Amino acid sequence: MEETNCWATMDLLRSETMQLVQLIIPIESAHRTISYLGDLGLFQFNDLNTEKSPFQRTYAAQIKRCGEMARKLRFFREQMRRAGFLPSGRYDMSTDINLDALEVNLGVYEAELTEMNTNNEKLQRAYNELLEYKLVLQKAGEFFHSAQSNAVAQQRDIDEFRVGDRSMDSPLLLEQEMSTDLSSHVKLGSVSGLVPREKSMAFEKILFRATRGNVFLKQAVVEDSVTDPVSGEKAEKNVFVVFYSGERAKSKILKICDAFGANRYPFTDDLGKQFQMITEVSSKLSELKTTIDIGQMHRGNLLQTIGHDFEKWNLLVKKEKSIYHVLNMLSIDVTKKCLVAEGWCPVFATSQIQSVLDRAIFDSNSQVGVIFQILHTEEPPPTFFRTNKVTSAFQEIVDAYGVAKYQEANPGVYTIVTFPFLFAVMFGDWGHGICLLLATLYFIIKEKKLSGQKLGDILDMTFGGRYVILMMSIFSIYTGLIYNEFFSVPFELFGRSAYDCRDSNCSEAYTIGLIKVRDTYPFGLDPKWHGTRSELPFLNSMKMKMSILLGVAQMNLGIILSYYNAKFFRNEINIWYQFVPQIIFLNSLFGYLSLLIIVKWCTGSQADLYHVMIYMFLSPTDDLGDNQLFLGQKYLQILLLLLALVAVPWMLFPKPLLLKKQHEERHRGQSYTQLYNMDESAEFESKSIGSHGHGDFEFSEIFVHQLIHTIEFVLGAVSNTASYLRLWALSLAHSELSSVFYEKVLLLAWGFNNIIVLVIGVIVFIFATVGVLLIMETLSAFLHALRLHWVEFQNKFYEGDGYKFYPFSFALISEDEE
């Protein structure tokens, strides 16, 4: 509250008065001084070491040190994210933290956490390998068990053959097998393991081709997915056993297994040893599981300890890094005992900055104070508007077009009212306005909670502009009451309609029409207009004329603001040879059209305004006849036409000639006018000097520039006025869409007298209203209102070639992520 009271009254019309300041800071209090200025957030430092690379600057080592601590903090954040921990949002900055102690602690925590991660990875890999080994033992054991069962059955058949008599049905090879010597059997080797299931077919084909079919492969599907020990990812695998003969075949099989990423495990055909190995593996798995759980518990406790102070550490490191970045922008005095800083600050903040500097000197026990001196420069200062959470969004709309030149008139002041009003002219429906209002009120009520959350791109944009949408919804309710539309349905809110039927049956309502039986409806459109055959022609005429009136009024406001800009910068040439002819030209044509519209509304005349404006140019001396609205109209039209014709050369020729005359007088020493008082002349001269050498004045460039500016204004006066007709077009489109959804969806579903059809109709109506009218139409009207402000309004006076004031502030740093 104290800081707010020190600030001057907020003035958005022109940017704050800025000053270039030099600070000479003792080196022992430099860090604390920059820190206090960061807390204040009203000083923008200039870089005085632009010729040096970042590695050549004085505090490069400190920045590297802070960068290393920031890396460790990012590592901690990633580990906490993976473990599902959230850093504690509450932290106490009242206790001072020693950066050296913090660096040591972060190093200890990183080493401990890294060691835990390494051990955990080793244990997890061993655990996964044992799991796979157990699966191989189980599945391969089933192979050998089934093979042994088959062998026993086959031996039984052989024994029966020897005892019994031979018959014609006995197999011939059985006798050969019986006569074979068992000592001559070849001993087969085997390779077992797991192979990814998607590679199993290719694995089998390659084995067959590489060994020319001299292997026997047996595979079994593992039902559940298995964690691969190497990659650590879940995968579906098959257990395989390959039987081979010879060392050459074995080497080929091993190479193929490595190529396919198959994990191999040893296996014995002894059933007793198989059972013993399964028991040992199960025991080791149990031990490893217990060890891993204990390690995870210790790791979780460590991450919780880190998370408790994480935000405090993170903010401290960010602050320290930003302080050293600023210190690197300062130049060191030749005595090596003080630092010299330059930067911009608002004039109103002078006393605050000086008190902060005194406090920094006192807290650092320095014997020498900070020297604060104001520098005089011709460099254009930065633009600084003090905004709050309501006005900042409107200022961002203006800044998106271009940042205001230093102390030129700020369109943001007028945008606060004109932007939501022009939006509402296109969006006028008080039912839809209430829906927007309720949605916006939710964002405003929950703004403290939502401001610290990530809502996504679209919701973040909507939340940031919540006060713009609030104003848009309020104005939409207002214009909706004027249009008398609530989801396209009219209501008699302000009294009964002034019109009524001619008879009780209203049989002539849509043929002959209604009769006026009461006083005019007091506010807005009479509800009886809705649904009549003359509704569309009447609304078209009213909204089209209203759009022209609003457009001419806003363009006149822009030209008037150009006068105040010229007066503020003491530029008499722009007043007499830019503002005066522009205001005359615009109002001689479209100001006169606006006057005719108002007179026609007031008198109820049937004059054709299209005919009046066209023949004002084609036949200005002809009689107007039935199109005459007032006495002397013809002579007034001739006068206005002559004024419009005179205004064009008035804009074109005098200004370049006068600028040339001023330039010549200045170089002859006959005029000592300060350069900043002759704003545009100085601008043209600087451009000419920059490209053609010192003192060179290019009259042709200035004349061509003025010619382009004149043509742009003359043609723009017509096109910009026509552009405001979008207010009429979008208002009509919104009204007709709303009417279609109401009549063709809701009323149609109501007419079926079926509850299911009615529910479907209501759901379709709600989705159509929200999706089309409340989202798409809102965005469309917003963009059109944006264009009207950027192109039709701001181009009359707004240069927008300034640059923003970016003070060194910890409040801004804490909001940004690394």
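Predicted model: local features only at pLDDT ≥ 70, side-chain atom pairs only at ≥ 80, totals over all residues.

Student: Good. What is the phi of Arg-212 like?
Tutor: Arg-212 has a phi near 60°, which is a positive value in a residue that is not glycine. Most residues other than glycine have a negative phi.

Student: Where does Arg-212 lie, and is Arg-212 buried or exposed?
Tutor: You'll find Arg-212 in the loop between α6 (200–210) and β4 (216–221). With a relative accessible area of 75%, Arg-212 is exposed.

Student: And what about the phi of Gln-407?
Tutor: Gln-407 is not a glycine either, and its phi is positive at about 65°. That residue sits in the loop between α10 (391–401) and α11 (412–427). Gln-407 counts as buried, at 12% relative accessibility, whereas Arg-212 is exposed.

Student: OK, switching to salt bridges. How many does the structure hold?
Tutor: There are 24 salt bridges in the structure. One of them joins Arg-125 to Glu-129, with 3.5 Å between the closest N and O atoms.

Student: How are Arg-125 and Glu-129 placed in helix α4?
Tutor: They are separated by about one helical turn, because they are four residues apart in helix α4 (residues 99–163). Both ends are partly exposed: Arg-125 has a relative accessible area of 40%, and Glu-129 has 32%.

Student: Which residue does Asp-309 form a salt bridge with?
Tutor: Asp-309 pairs with Lys-312, and their closest N and O atoms are 3.8 Å apart. The two lie three residues apart in helix α8 (residues 271–329), about one turn of the helix.

Student: Is Lys-312 buried or exposed?
Tutor: Lys-312 counts as buried, because its relative accessibility is 12% and the cut-off for buried is under 20%.

Student: What about Lys-804, which residue is its salt-bridge partner?
Tutor: That partner is Asp-399, with the closest N and O atoms 3.6 Å apart. This pair links distant parts of the chain, 405 residues apart: Lys-804 is in the loop between α24 (755–793) and α25 (810–815), while Asp-399 is in helix α10. Lys-804 is partly exposed, with a relative accessible area of 24%, but Asp-399 counts as buried at 15% relative accessibility.

Student: Last one: which residues do salt bridges with shared partners join into one network?
Tutor: Arg-65, Asp-100 and Glu-103 are joined that way.

Note on methods
Residues numbered from 1 in each chain as written. Heavy atoms only, no water. Buried < 20%, exposed > 50% of the residue type's maximum accessible area, 1.4 Å probe, protein only. Salt bridge = Lys/Arg side-chain N within 4 Å of Asp/Glu carboxyl O.
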